Amino acid sequence: MGRYLLPEKNTIIILENISQSFGGTEVLSSINLAINNSELLTFLGPSGCGKTTLLRLIAGFETPTSGRVVIDGKDVNALPPNHRKVNTVFQSYALFPHMTVFDNVAFGLKMSRVPKPEINRRVSEILKMVELEPMAARKPHQLSGGQQQRVAIARAAVNNPLVLLLDEPLSALDAKLRRQMQRDLKHLQRRLGITFVFVTHDQQEALSISDRVVVMHNGRIEQVGTPAEIYEEPVSLRVAEFVGDTNIFDAVVLGKSPDCPDGSLEARLEGQEKQCLLKTRREFADGQNVKVVLRPEDLLVNRKQPGESSGIMLSGMVDELIYKGSTYDIVISLQSGKKLVVTEFFDEDDESMIASVGDSVYVSWIKGWEVVLPDENPEPV
Ligand SMILES: Nc1ncnc2c1ncn2[C@@H]1O[C@H](COP(=O)(O)OP(=O)(O)O)[C@@H](O)[C@H]1O
Ligand SMILES: [Mg+2]
């Protein structure tokens with residue numbers, strides 16, 4: 001046992017060099033991850049990248065081809081699901097339709113022959129936490145979808161698991177209910193104080209509910225970080241493109257900037273004659289091709305050409321305005337033919353800001369907000 005002592009008091013699950021193959025095909029490769037106590041951690045990635053498989057490995061429905069799952073300091077590879085202090089909330093909720101809310105939640109405790117007074121106490125307590133106590137006598141069909149889901153969570157949480165696993169629990173809901181449920185889930189997780197490991201392929205959902213996000217691709221972890229780190233400092237183009245909208249420029253590094261000791265590069269951006277400064281903490285070689293990523297909300301549209309000293313100015317023409325409610329997207333064609341998308345908030349006090357189709361404009365960006373990434377050749381040569 002000594003070998004699997006927790007590296008930190010705060011860690012509840014360790015995935016140690018996990019690989020998983022089915023019929024000779026590797027679907028998870030060298031997964032290493034420490035999950036913290038009481039955090040809401042999300043596995044985010046496109047369909048088929050291995051999220052469900054990873055959750056099933058934690059739950060104990062699969063055994064890894066190699067590597068170890070450690071829960072609460074113990075190697076659980078040989079332990080069946082019901083001995084793992086981990087519970088799964090299934091997408092279908094799988095409630096018993098003929099039983100009341102109370103009996104649905106009490107079911108597992110009854111099966112384990114917990115004394116009746118204790119069952120009553122524990123079920124009432126958890127129903128209070130999920131704010132369903134007044135509905136204890138109802139049957140599932142008398143509840144809304146959101147309430148049914150809370151019953152499913154209460155049922156999974158009533159046996160005091162260390163971790164709840166939730167596999168795309170909101171994917172069947174329409175957009176508005178989904179937003180509401182995201183907030184509810186997060187509040188519920190805080191109240192329960194237990195670790196939630198959540199799976200989604202929806203980047204907006206992952207960013208808005210998670211303490212940390214694990215971005216997955218093709219059976220591997222691409223990046224682990226807070227939502228802000230993932231969005232603002234993606235480690236690869238793949239992450240940048242998966243977690244939000246992007247404008248991507250080609251550039252070539254000319255050298256380190258002598259007047260900027262804190263990590264600025266001199267570079268030449270595609271379509272630009274003048275060299276520019278790019279801010280980055282990464283190391284790049286002189287002459288290296290890079291990609292410069294800018295989020296639509298980091299770009300600025302200017303109606304007039306600003307003065308000489310103000311750095312990068314890309315001239316173009318407004319192609320299209322797309323109304324988004326509280327913002328609008330401005331699609332701009334640069335002289336090179338490249339299209340950019342800029343997101344702007346309405347400024348009701350300054351109508352002159354609002355561009356029109358056909359306007360000549362100059363695009364710049366908030367200095368230092370560019371993300372500079374190596375130009376990875378996606379096709380192995
Ligand atoms: N029991 C299994 N047998 C064979 N292949 C499987 C099995 N479970 C999952 N896979 C494959 O593993 C890959 C990852 O699946 P999954 O974990 O369900 O991805 P995700 O949940 O991210 O959509 C897919 O290619 C899937 O077809
Ligand atoms: Mg899945």
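The following questions and answers look at how some descriptions of this predicted model are reached.

User: Why is Arg56 called partly exposed?

Analyst: Arg56 has a relative accessible area of 33%, and because buried means under 20% and exposed means over 50%, with partly exposed in between, the value for Arg56 falls in the middle class, so Arg56 is called partly exposed. The place of this residue is in helix α1.

User: What makes the pair of Arg56 and Glu62 a polar contact?

Analyst: The side chains of Arg56 and Glu62 are joined at 3.1 Å, and since a polar contact is a pair of N or O atoms within 3.5 Å, one able to donate a hydrogen and the other to accept it, the pair is listed as a polar contact. Leaving aside the neighbours within four places in sequence, Arg56 is in contact with Phe61 and Glu62. The C-alpha atoms of Arg56 and Leu165 are separated by 9.0 Å, although these residues are 109 residues apart along the chain.

User: How do you know that Lys51 and Thr53 make polar contacts with ligand 1?

Analyst: A polar side-chain atom of Lys51 lies 2.9 Å from an oxygen atom of ligand 1, and a polar side-chain atom of Thr53 lies 2.5 Å from an oxygen atom of the ligand. The cut-off for a pair of N or O atoms is 3.5 Å, so both distances meet it. For Gly50, a polar backbone atom is 3.0 Å from an oxygen atom of ligand 1. The protein covers 56% of the 560 Å² of accessible area that ligand 1 has on its own.

User: Which residues surround ligand 1, and which helix gives the most to this shell?

Analyst: Among the surrounding residues are Phe22, Val27, Pro46, Lys51, Thr52 and Thr53, and helix α1, residues 51–59, gives the most, with 3 residues. By class, the shell has 4 nonpolar, 5 polar and 1 charged residues.

Terms used:
Residues numbered from 1 in each chain as written. Chains lettered and ligands numbered in written order. Predicted model: local features only at pLDDT ≥ 70, side-chain atom pairs only at ≥ 80, totals over all residues. Heavy atoms only, no water. Near = heavy atom within 4 Å. Areas by Shrake-Rupley, 256 points an atom, 1.4 Å probe, with all protein chains shown as cover. Helix = DSSP H or I, 4+ residues; strand = E, 2+ residues; numbered from the N terminus. Nonpolar A, V, L, I, M, F, W, Y, C, P; charged D, E, K, R; others polar. Buried < 20%, exposed > 50% of the residue type's maximum accessible area, 1.4 Å probe, protein only. Contact = heavy atoms within 4.5 Å.
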